[in-house]
Amino acid sequence: MAWDPRIEMMPEPELKKLQFTLLKTLVYRLYSFSNFYRSRMDEHGVHPDDIQTLDDAKKLPFMVKSDLRDNYPDKLFTVSRDELVRYHVSSGTTGKPTVVGYTQKDVDIWTTSLARALTACGIGRGDVVQVSYGYGLFTGGLGLHYGAERIGATVVPTSVGNTERQLELMQDLHVTAIACTPSYLIHISEVAEKMGISIKDDTVLRAAILGAEPWSEQMRIRIEEQLGIRAYNIYGTSELSGPMFCECEEQNGIHMWSDLALVEIVDPETGEPLPPGTRGEMVVTILQKEALPIIRYRTGDITSLIPEPCPCGRTHPRIERLSGRVDDMLIIRGINVFPSQVEHALLGIPELSGHFQIIVDRKQALDVMLVQVEMKPEAFSDKITDLMAVRQKVAHTLKNALNVGVGVELAEPGSLPRFEGKAKRVVDKRVM
Amino acid sequence: MDTENFTIKQISVFSENRPGRLAAIARALQEEEINIFAFSIAEAKGFGVVRALVDKPGVAYKKLTELGFMVSFTDVIAVKMRDEPGGLFEIAKILGEAEVNIEYAYAYSGKEVAVLILRVDHVDDAIRRIRGAGGELLQSSLFT
């Protein structure tokens, strides 16, 4: 089932043609009407006439988060104030907040993207969707709310909090799908357990649309098994409009609607484009946005394009589950390394407890990375050769996973720092 | 029977190679009033294994585990040696002829006697051959 099969199943060449037309129109419009974009393009030595193919998008300058912050609140808007129908404001935990404005058409297109997303997860008329994302300045609540109404589903706009009440409503109103953060869904299931409610047996919940924070495939398996539902991964950031892109029922990669977004993956260091299948930073151009246009926005999210077409029939490209943030990336002797890769590789080694720490240093102009790991006490052997073999195995596994040789140190159990919430696993001692 | 009588439980403790780790282990043993008969440290790059024969291995194991150390019991044998030239040769010769391989060893030399502590691949053979050749082994009952 697709919300708009004509667009969603459009043959790839046609889709690319459409993207090119939209890109060209956007670039001309911005060059003519926006001082910011005009001076950016001039500084960068690129003129709209230089955009002759879709590939030429890479000639355009990047936009970064600080461009939005520096132009707080609305200096980048390209419509007059009376055309705006809504503002959303990002939390601003890392600096000044950023403000996103929407025209009626912007809200409509955003809503369409979510109508497609929800339909792709098998949700439609007859479904009851509990929207447990925050309503308000955050885009999650209102975004999903309008998207679910658009497809004819019934919305229960619970927002976040008062979890016991949420569970009551889930039962009484026969909620079939929930949209929230993965951690909130886990919280809901824990509260349910305490209340003696089994989400699996005592509710008709069958799907969850989860996003707005990093989560893993292991979490998906756990949620699906415990709650007896299917959990779908949704993506978006407020700069792009909000949540917009989602997995389909194949649950293997997030479809990025090509008529709405042009997606590139670039090397986070050089900004050079990377081929499909290679991990890098996702750069997004929103092709049809009126109030706050976004060209080549560096999301800071690390992912790759999945080269194969999706069995669902949608022709729009997919990205794999995000594997980290550019801010977390380490460059070791020119190779990009993510702590999440280390974590993943170590999970497969039964002798280890899973706790680890990365120490990066520079010795004679050469980056050296040391991974400290803790063994499980039951894997301890009195023989030095056995311990050396474990260390060798860890070093070998990491080298295969990271493509760069790293040192490995066995640490005493409990000696590495423990973290609650977001783990700070990297100690960078390099003096740049 | 012999195997049981003469197989001694050595405690082995994993230790990171940095200052204060041996002190931490030794303090723990002191607190439990555990006496150390013999001990050695085997080191590799970045870590080491502290091996010790103590009078109360069970108590030592519990205490060190509680403190978060990785500890294991390892079966070793302890052979009395004549504390004079050739003493070590006598023992080593017996094991060599019996095709018993020594994985590691350490020794102490006291007032009256010297003792060689051995971790070998074939404990039964080692005990039988040493005793067969008139050698004397420390009883495991000394270390419980």
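1. Let's start with E264(A) and R296(A): their side chains are joined by a polar contact of 2.8 Å (a pair of N or O atoms within 3.5 Å; within protein, one must be able to donate a hydrogen and the other to accept it, and residues adjacent in sequence count only if both atoms are side-chain atoms). This is a predicted model, in which local features need pLDDT of at least 70, side-chain atom pairs count only at pLDDT 80 or more, and totals for chains, interfaces and linings use all residues. Residues are numbered from 1 along each chain as its sequence is written, chains are lettered from A in the order in which they are written, and side-chain values use heavy atoms, with hydrogens and water left out.

2. E264(A) belongs to strand β10 of chain A (helices, H or I of at least four residues, and strands, E of at least two, are DSSP runs numbered from the N terminus). E264(A) counts as buried, because its relative accessibility is 12% (buried means under 20% relative accessible area, exposed over 50%, partly exposed in between, with a 1.4 Å probe and protein chains only). Beyond its neighbours within four places in sequence, the contacts of E264(A) include K58(A), M282(A) and R296(A) (contact means heavy atoms within 4.5 Å).

3. Now to helix α3 of chain A, residues 35-43, where F36(A), Y37(A) and M41(A) are buried. These three sit on the same side of α3(A), because they cover an arc of only 120 degrees around the axis (taken from the directions from the helix axis to the C-beta atoms). N35(A) and E43(A), on the other side, are exposed. The cover over the buried residues includes α2, α4 and β12 of chain A.

4. Both ends of α3(A) are worth a look. At its start, a side-chain oxygen of S34(A) comes to within 3.3 Å of the backbone nitrogen of F36(A). Just after the helix, G45(A) has a positive phi of about 70 degrees.

5. Some backbone geometry to check: most residues other than glycine have a negative phi, and most peptide bonds are trans. The bond from Y72(A) to P73(A) is cis, with omega near -10 degrees, and P73(A) is placed in the loop between α4 and β1 of chain A.

6. H174(A) has a positive phi of about 55 degrees; it lies in the loop between α7 and β5 of chain A and counts as exposed at 51% relative accessibility. R333(A) has phi near 45 degrees, is found in the loop between β16 and β17 of chain A, and is partly exposed at 37%.
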